[in-house]
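Let's take a walk through this one, from helices to core to pockets. Have a look at the fold first, then read on.

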Amino acid sequence: MFNLTEIIFPSRCIGCSRLGISICSECRKQWHPHIYQRTLNWRGENFPVFSAIQYSPIASRVLLSAKESQIRAAEQLIVNGIVHALKIFMNRHGPADLIPIPSRKSANRKRGRNFLQEITSQAAVEVGLPSHYPLKHSRKVRDQSQLNIVDRSENLSGAFAIDPEFTAQFSAGNTGPKIIVIDDLITTGATLSEAIRALRTAGFTVLGAVTSCTAKPLR
């Protein structure tokens, strides 16, 4: 028996809009979880970054569909990518608490929600890890999408801070949690590097980062 919703709003492929399923077999070829590894350096410390999906036009449509159109199937694909990379990261570096990159307030207002916080929360449940949301913007930053590698680094330098209530939990000699930073996409690594700086400066142990997608660094 047909569902009325499926008749009025038939499922289309997120990647190519073909009628049928949320992502067709052809587009699935460009959204097939593997493991891609990069390394970020902060003050001589190396931090591994594990990602599941190579960025492509299909990946771009999945990310936009999840962020801007709130298409549930696209969100689940992103969660699946993060979970895939997380499991391999944990096998190699151990478990840790998850902390997502903070979204800009203007983006949250536009979308009516905190996209990455919701994605991280769901991924945390699926892998059985705690999640926290202490990273905040300490000043305004520009949209990164149109900036080159130098401008991205300058745009984010010193832009993140830790919620004092979070650090206060560990100020009395209590050991803070080990941390894995979560984002949906790594391009230049500027955003993750700034998050690592903020967390390390506050005294937390950062094991590395996990993203759903990875793009070739800009020049």
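Helices (H or I, at least four residues) and strands (E, at least two) are DSSP runs, numbered from the N terminus.

Before going further, a word on what you're looking at: this is a predicted model, where local features need pLDDT of at least 70 and side-chain atom pairs count only at pLDDT 80 or more, while totals for chains, interfaces and linings use all residues. Residues are numbered from 1 along each chain as its sequence is written, and side-chain values use heavy atoms, with hydrogens and water left out.

Back to α9. Its buried residues (buried is under 20% relative accessible area, exposed over 50%, partly exposed in between, with a 1.4 Å probe and protein chains only) are Ala 190, Thr 191, Leu 192, Glu 194, Ala 195, Ile 196, Ala 198 and Leu 199. Just past the end of α9, Gly 203 has a positive phi of about 100°.

Now for α4, which has 22 residues and runs 31 Å from its first C-alpha to its last, close to the expected 32 Å. Its buried residues include Ala 74, Leu 77, Ile 78, Ile 82, Leu 86 and Phe 89.

A nonpolar core is a set of buried Ala, Val, Leu, Ile, Met, Phe, Trp, Tyr and Cys residues joined through side-chain atoms within 4.5 Å. The largest one has 63 residues, and Trp 31, Ile 78, Ile 180, Val 181, Leu 199 and Val 210 have the most contacts inside it. Helix α4 (residues 72–93) gives the most to this core, ten residues. Follow Ile 78 and, leaving aside neighbours within four places in sequence, you'll find it in contact (heavy atoms within 4.5 Å) with Trp 31, Val 62, Leu 63, Ala 66, Phe 115, Ile 119, Asp 184 and Ser 212.

Next, the pockets. On a 1 Å grid over the protein atoms alone, a pocket is an open set of points where a 1.4 Å probe fits, with protein on both sides within 12 Å along at least five of seven lines; lining residues have an atom within 4 Å of a point. The largest pocket holds about 1000 Å³ of space. Of its 38 lining residues, Lys 67, Asp 143, Gln 144, Ser 145 and Asp 184 lie nearest its centre. Among the elements giving at least two residues to this lining are α3 (57–67), β6 (178–186) and α9 (190–201).

The second largest pocket has a volume of about 380 Å³. Its lining has 19 residues, with Ser 103, Arg 104, Lys 105, Asn 108 and His 137 nearest the centre. Helix α5 provides the largest share of that lining, four residues.

Finally, two loop residues. Ser 17, between α1 (4–8) and α2 (25–28), has a positive phi near 70° without being a glycine, and at 43% relative accessibility Ser 17 counts as partly exposed. Arg 43 sits in the loop between β1 (36–42) and β2 (45–54). Its phi is also positive, about 50°, but at 74% relative accessibility Arg 43 counts as exposed.

Notes: Grid points are joined across faces, edges and corners, and a volume is the space filled by probe spheres set on the points. The expected span of a helix is 1.5 Å times one less than its number of residues.
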